[in-house]
Amino acid sequence: MNPFKKFNLWFNLAKKKYPYDHTAFALGTSDRNNQPHVRMVLLKLILEDGFVFFTNLNSQKGKHFNLNNNLSMCFYWETLNKQIRITGKGSIIDEKISDKYFSSRPRGSQIGAWVSKQSSEIPSKSFLKQKEAQLKKKFDGFSVPRPSYWCGIKIMPKEFEFWQQGDYRLHDREVYKLKKNNWTRKLLSP
Ligand SMILES: Cc1cc2nc3c(=O)[nH]c(=O)nc-3n(C[C@H](O)[C@H](O)[C@H](O)COP(=O)(O)O)c2cc1C
């Protein structure tokens, strides 16, 4: 089976169990010292050739991505006993797609994207609240434009691993690797 098909199959099962948070995944990046970092983000678009999340390019993860676009993703849906790991290369998506998604967000979140210099140090929470109030005033009566630093990153997989819990540690691990435009499949010992 094509791993994208299998991904969609599992993702739709997860959606039934977790209508709101099935899209959450752990995103792995590396810094300039090859130190891995991981944090949760949300999968917002599934394209034919990749998976898109949205973020601030000036954030820690955005800076890592600029240095090294090898990224990893990991989904875990507890009640399904399923995990999916994906590695691949990230690229910035077409601006028009980011504009469209940004304009679909609640106004408060759009303003929030301007308020937060994601991952930079702030003196206090009230600093953010003040900034939010200023920006609310500034954009009053206008639609909020997408900040150029806020955009979608598409991860194009080169490897998928589907993990399904089995009895007595005998889990299933199915790995797909992209080789010369074809997906190869193998099983791994748990
Ligand atoms: C469930 C969940 C979903 C999140 N989704 C996103 C997201 O889609 N984009 C994003 O930039 N941060 C998201 N965050 C916040 C990130 O985990 C992280 O705190 C933030 O992006 C800063 O990370 P960085 O300093 O490594 O760049 C989410 C956090 C949680 C707990």
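## Before we start

Residues are counted from 1 along each chain, in the order in which its sequence is written. Because the model is predicted, local features need pLDDT of at least 70 and side-chain atom pairs count only at pLDDT 80 or more, while totals for chains, interfaces and linings use all residues.

## The overall picture

The protein chain contains 5 helices and 9 strands. Here helices (H or I, at least four residues) and strands (E, at least two) are DSSP runs, numbered from the N terminus. The C-alpha atoms of the chain fill a box of roughly 55 × 40 × 30 Å, taken along the principal axes.

Of the 190 residues in the protein chain, 21% are buried. A residue is called buried if 20 or more other C-beta atoms lie within 10 Å of its own, exposed if 12 or fewer, and partly exposed in between, with C-beta atoms placed from the backbone. Contacts tell us about the fold too: two residues are in contact if their C-beta atoms, placed from the backbone, lie within 7 Å. Among contacts in the protein chain with a separation of 6 or more, 57% link residues 24 or more positions apart.

## Around the ligand

Which residues come nearest to the ligand? They are Thr55, Ser59, Gln60, Lys61 and Ser119, out of 14 residues around the ligand. A residue counts as near a molecule if its C-beta atom, placed from the backbone, lies within 6 Å of it. Two or more residues of this shell come from each of strand 2 (36–42), strand 4 (51–56) and helix 2 (60–67). Strand 2 gives the most, with 5 residues.

The shell around the ligand is made of 6 nonpolar, 6 polar and 2 charged residues. In this sorting, Ala, Val, Leu, Ile, Met, Phe, Trp, Tyr, Cys and Pro count as nonpolar, Asp, Glu, Lys and Arg as charged, and the others, Gly among them, as polar.

## Ser59 and Ser119

Let's look at two of these neighbours. Ser59 sits in the loop between strand 4 and helix 2. Ser59 is partly exposed, because 19 other C-beta atoms lie within 10 Å. Leaving aside residues up to four places away in sequence, Ser59 touches Gln118 and Ser119. Ser59 and Ser120 are 61 residues apart in sequence, yet their C-alpha atoms are 7.4 Å apart in space.

Ser119 belongs to the loop between helix 4 (107–115) and helix 5 (125–138). With 14 other C-beta atoms within 10 Å, Ser119 is partly exposed. Its phi is positive, about 80 degrees, although Ser119 is not a glycine. Most residues other than glycine have a negative phi. Asn34 also has a positive phi, near 65 degrees, and lies in the loop between strand 1 (24–30) and strand 2. Asn34 has 7 other C-beta atoms within 10 Å, so it is exposed.

## Strand 4 and its partners

Strand 4 is mostly covered, with 5 of its 6 residues buried. Strands pair if DSSP finds at least two bridges between them. Strand 3 (residues 45–46) runs antiparallel to strand 4 and is joined to it by 2 bridges, with Leu45 opposite Val52. These two strands form a hairpin with 4 residues between them.

Strand 4 also pairs with strand 7 (residues 150–164), in the antiparallel sense, over 6 bridges. There, Asn56 has Trp150 of strand 7 as its bridge partner.

## Two helices with a buried side

Which residues of helix 2 are buried? Lys61, His64 and Phe65 are. They fall within an arc of 100 degrees seen down the axis, so they line one face of helix 2; the arc is that of the directions from the helix axis to the C-beta atoms. The face turned away from this buried side carries the exposed residues Asn66 and Leu67. The buried residues of helix 2 pack against strand 1, strand 2, strand 4, strand 5, strand 6 and strand 7.

In helix 1 (residues 3–17), Pro3, Phe7 and Ala14 are buried. They cover an arc of only 40 degrees around the axis, which puts them on the same side of helix 1. On the other side of helix 1, Lys5, Asn8, Leu9, Asn12 and Lys16 are exposed.

Note on methods
Expected span 1.5 Å × (residues − 1).
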